[in-house]
Amino acid sequence: MHPRQWSGQGNSRRCEAVRILICPDKFAGSIDAVAAARAVASGWRTVSEADDLVERPLSDGGPGFVDVLAPALDGRRVIVDTVDPLGRPTKGTILIKGPMGYVESAHACGLHLLAPPERDPKRTTSYGLGLLVLAAIEHGATRVVVGLGGSAVNDAGAGMLAALDAAPLDAAGYALPYGGAALTAAESLTGAPRTRGVELIAATDVDNPLTGLHGASAVYGPQKGASREDVFLLDRALERFGGLLQGLSTAPPGLAALPGAGAAGGIGAAILALGGRCESGIDLVTRLTGLPEALDAADLVITGEGSFDHQSLRGKVVAGVAAGARDRGLPCVVLAGQVSTGRREAAAAGVTETYSLMDLFDGDERVSMAEAAEGLSALAKRLAGQYSR
């Protein structure tokens with residue numbers, strides 16, 4: 001048990017000094033993790049300025065990955081030119097720290113970059129991610145960590161490979177157009193990917209294979225705008241392209257079935273085929289941001305995300321934070337846009353209490369998303385009234 005004692009869920013504490021660790025994930029479609037942590041801290045301070053508040057916004061590899069790591073690593077951010085999922089010019093940020101490069105796929109492939117009518121994984125591309133990887137290599141990185149998550153693509157990294165000079169070709173030797181659907185005609189690659197021997201690491205907590213019932217197309221395609229018919233088409237396309245990836249000399253045996261191959265619309269498979277590996281995004285981020293040490297020094301932990309549901313307890317940020325709090329005997333409060341996880345299930349994972357913006361705003365989802373920062377501040381103010389002296 002942690003040396004500081006608490007009298008129960010939300011009750012008055014039995015010690016004077018309160019050290020609060022604030023470590024949320026992003027609230028998808030609303031605010032990022034950094035802004036969420038700032039809002040919680042702001043609300044708490046309106047009740048008690050004396051408490052020690054430590055902000056450690058987190059990411060599991062998806063949107064916010066670079067922003068979360070940059071202050072923790074004191075790395076060099078470089079803004080580079082890239083393209084969005086439809087090939088339109090945009091800007092992305094890479095993070096360089098010594099020989100390490102950190103790249104966020106969502107900067108180029110993110111679903112948030114597209115308006116709802118534009119979302120169509122049959123034609124979206126990961127080409128922009130390839131440009132970010134190349135930029136990291138050009139800036140001296142010998143190992144590049146690619147945060148995967150929140151993508152709008154389903155092309156198994158074909159676009160990324162094209163940016164690395166290994167574009168997919170049809171039977172006549174012509175380059176295929178952007179998108180997952182075109183891969184049904186893939187016959188070969190233009191050549192070996194140009195990675196200069198750099199090691200690639202996929203930071204993801206998705207363990208789906210590339211194809212099949214639990215593959216990238218079936219599980220995540222509908223979230224990106226795929227119809228039922230699109231899912232079958234895309235799954236066939238990725239099965240075909242997976243065969244080409246398997247032919248690379250650096251590809252591991254049984255590539256398509258490996259855990260993580262289906263991450264970010266199959267970009268995980270491309271990284272594995274390039275001799276890379278998958279690593280737990282939340283484990284990597286918590287280690288690099290010093291979360292274990294911050295937990296050791298905390299009295300109360302506040303985490304959160306947009307939707308606290310059954311997926312949250314399967315390798316997501318909240319699950320990792322709650323487990324760390326539970327192991328130290330710390331209370332862990334989850335603030336979320338909406339909560340659908342049962343109390344018993346949440347408690348078993350280490351969650352002490354849950355609060356939702358939907359409840360705060362009388363079930364109005366639009367207001368909950370539009371005023372998430374204000375809502376988180378209000379919930380933090382309520383918590384401070386319970387836990388602070």
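Predicted model: local features only at pLDDT ≥ 70, side-chain atom pairs only at ≥ 80, totals over all residues.
1. Asp165 sits in the loop between H5 and E7, while Arg194 sits in the loop between E8 and strand E9 (199-203), so the bridge ties together parts 29 residues apart in sequence. Asp165 is partly exposed too, with a relative accessible area of 42%.

2. The chain has 19 salt bridges by the rule used here. Another one to look at joins the side chains of Arg88 and Glu118, again at 2.7 Å from N to O. This pair links distant parts of the chain, 30 residues apart: Arg88 is in the loop between strand E3 (76-83) and strand E4 (89-97), and Glu118 is in the loop between helix H3 (106-109) and helix H4 (127-138). Arg88 is partly exposed at 31% relative accessibility, and Glu118 is partly exposed at 21%.

3. Within it, the side chains of Glu279 and Arg287 meet at 3.2 Å, N to O. Glu279 has a relative accessible area of 17%, so this residue is buried.

4. Now for the cysteines. How many disulfides does the count come to? The count is 0. For Cys278, the nearest cysteine sulfur belongs to Cys109 and is 16 Å away. Cys332 has its closest cysteine sulfur in Cys23, at 6.9 Å, which is too far for a bond because a disulfide needs the two sulfur atoms within 2.5 Å.

5. Finally, do have a look at helix H7, which runs over residues 228-246. Its 19 residues reach 27 Å from the first C-alpha to the last, close to the 27 Å expected at 1.5 Å a residue. Its buried residues include Val231, Leu234, Leu238, Phe241 and Leu245, and two aspartates, Asp230 and Asp235, are also among them. What covers the buried residues of H7 includes helix H5 (158-163), helix H6 (216-220) and helix H8 (263-273), together with strands E7 (168-169) and E8 (188-189).

Methods. Residues numbered from 1 in each chain as written. Heavy atoms only, no water. Helix = DSSP H or I, 4+ residues; strand = E, 2+ residues; numbered from the N terminus. Expected span 1.5 Å × (residues − 1). Buried < 20%, exposed > 50% of the residue type's maximum accessible area, 1.4 Å probe, protein only. Contact = heavy atoms within 4.5 Å. Salt bridge = Lys/Arg side-chain N within 4 Å of Asp/Glu carboxyl O.
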